[in-house]
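Please read this briefing alongside the sequence and the structure, which are shown next. The points that follow are grouped by topic.

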Amino acid sequence: AMPGKPCRMRSTVCTLVVLGLATTRAFNVPSVLPRTGASARLTAARPAPRNARVGAPLSTVQMSDVKERTVRSPVFDEVCEQTGITLPRYMMEVSRANPEMRDLESLMSGIQQACKTIANLVDRATISGMVGMEGGGGSVNVQGEEQKKLDVITNDVLKRALKFTGKVGVIASEEEDKPVFNKDAYKVPGGEGKYQDVLADIGTKYVTVFDPLDGSSNVDANIPTGTIFGVYEETESMENCMVDEVAVDSQCIFNTLQPGTSLVASGYCLYSSSCLFVFTVGNGVNGFTYDRSIGEFVLTHPNMQVPKRGKIYSFNEANRWLWDKPLQEYITALQTGENEMKSQYSARYIGSMVGDVHRTLLYGGIFGYPSDTKNKDGKLRLLYEAAPMALLMEQAGGMALTGKTRILDLPPQAVHQRVPFLAGSTDDVMEMKSYYDASEDPEIIKRCLARLEDDKRA
């Protein structure tokens, strides 16, 4: 392909949205992205600028309290006219620009392969008999939720794909009671294991967290579902980490329960009319669509940016009168036009987090799964749902709060801890927050302070 020509894609069936790449609304991808020697430094907490472009410097994001990581954006001098910029090509260029991220390239390869497999399983669920409850009903996960057949299968697909990369030390999933330790990642030359005689660099090990099939209750009705994932670096080696049926070693818990500011990558895969993979590695948000004709995710949505303000709110209003009073007042203002914009908003709600977040990324507005009198801490899990999506939203220029508190700042206290989640366009989220800031309800203040306590447990 000649530089300067747009990439002509074949028919796309599955769109992949990746956190770290931004999406556009067109299917023509620039064959040459702008050259730059600039890099994105991940340190202080600020959303990405709205004029960021692929290859251009983006805003900084805090990755931990003690270290900074600089991510240089990839440069594409030439793009194949038939395939465009594929996800493997993108990650290869990222690792070339950032040699310390080569192990992350291997990890992302495992995740995108698992997403392709899950997309096929979802597509054929009705034909293959994968709809309905696991074991005919009665199978319940650690949250007390009845498991669908695909919950169990997709969880196994992701675990195996991550294990086979050799880069993941610990896995935490919605469908697992406790963190799963991957001892094969720590095989050393001369030690026990299938590679004991191979000289190799063990390299970086990661903690990977995920919800294998968000919105699985919608599969039977052909409503959009998705996979959510987050990637942390080990804070220290977990070579001697122990996880058994009785207890989880404190070292495993310490490595697993990291705040969202320590994420090195996160994203989701949306299974809908197309399969979309959206993720970030700290240099903006990009989306890739699965082109089944070549079997690859192709960059279709570079540099996704949330509009500064939208016209849509997305909540389950059946719980309206159970919400906090400030949120009730805010939603009423959106419905009556008595808000800062002096205009009525439209309501859109899918009931699948990935689908609702994806629409919010594209069109702006605000999506929320708030606390209520039945679920005072909401229902979304901080570690593998709220935090990864919050990083994605911030990298695209939006915000994600519990109501008053930035979600990325929350230290997880348990693997399956739940938190309220309100995210979207910066102006919309800040307007919502003003209602909470004006409230002096002692119960709301007490809940906010409790979530900031750093008290890790299994």
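In which strand is the place of Ala265? Ala265 is found in strand S8, which covers residues 263-271, where strands (E, at least two residues) and helices (H or I, at least four) are DSSP runs numbered from the N terminus. The model is a predicted one, in which local features need pLDDT of at least 70 and side-chain atom pairs count only at pLDDT 80 or more, while totals for chains, interfaces and linings use all residues. Residues are numbered from 1 along each chain as its sequence is written, and side-chain values use heavy atoms, with hydrogens and water left out.

**Surroundings of Ala265**

- Ala265 has a relative accessibility of 0% and counts as buried, a term that means under 20% relative accessible area, with exposed meaning over 50% and partly exposed lying in between (1.4 Å probe, protein chains only).
- When residues up to four places away in sequence are not counted, Ala265 touches Leu104, Gly230, Val231, Thr280 and Val281, contact being defined as heavy atoms within 4.5 Å.
- The C-alpha atoms of Ala265 and Phe229 are separated by 8.4 Å, and the two residues are 36 residues apart along the chain.

**Salt bridges**

- The count comes to 20 salt bridges, each being a side-chain nitrogen of Lys or Arg within 4 Å of a carboxyl oxygen of Asp or Glu.
- One of them joins the side chains of Glu174 and Arg381, with an N to O distance of 2.6 Å.
- Glu174 lies in the loop between strand S4 (168-173) and strand S5 (180-181), and Arg381 in strand S15 (residues 380-381), so this pair ties together parts that are 207 residues apart in sequence.
- Arg381 also forms a salt bridge with Glu385, in which the closest N and O atoms are 3.1 Å apart; Glu174 and Arg381 are both buried, and Glu385 is buried as well.
- Asp437 and Lys404 meet through their side chains in a salt bridge of 3.4 Å, N to O.
- This pair links distant parts of the chain, 33 residues apart, with Asp437 in helix H9 (residues 426-437) and Lys404 in the loop between strand S16 (399-401) and strand S17 (418-419).
- Asp437 is partly exposed, with a relative accessible area of 41%, and Lys404 is partly exposed with 25%.
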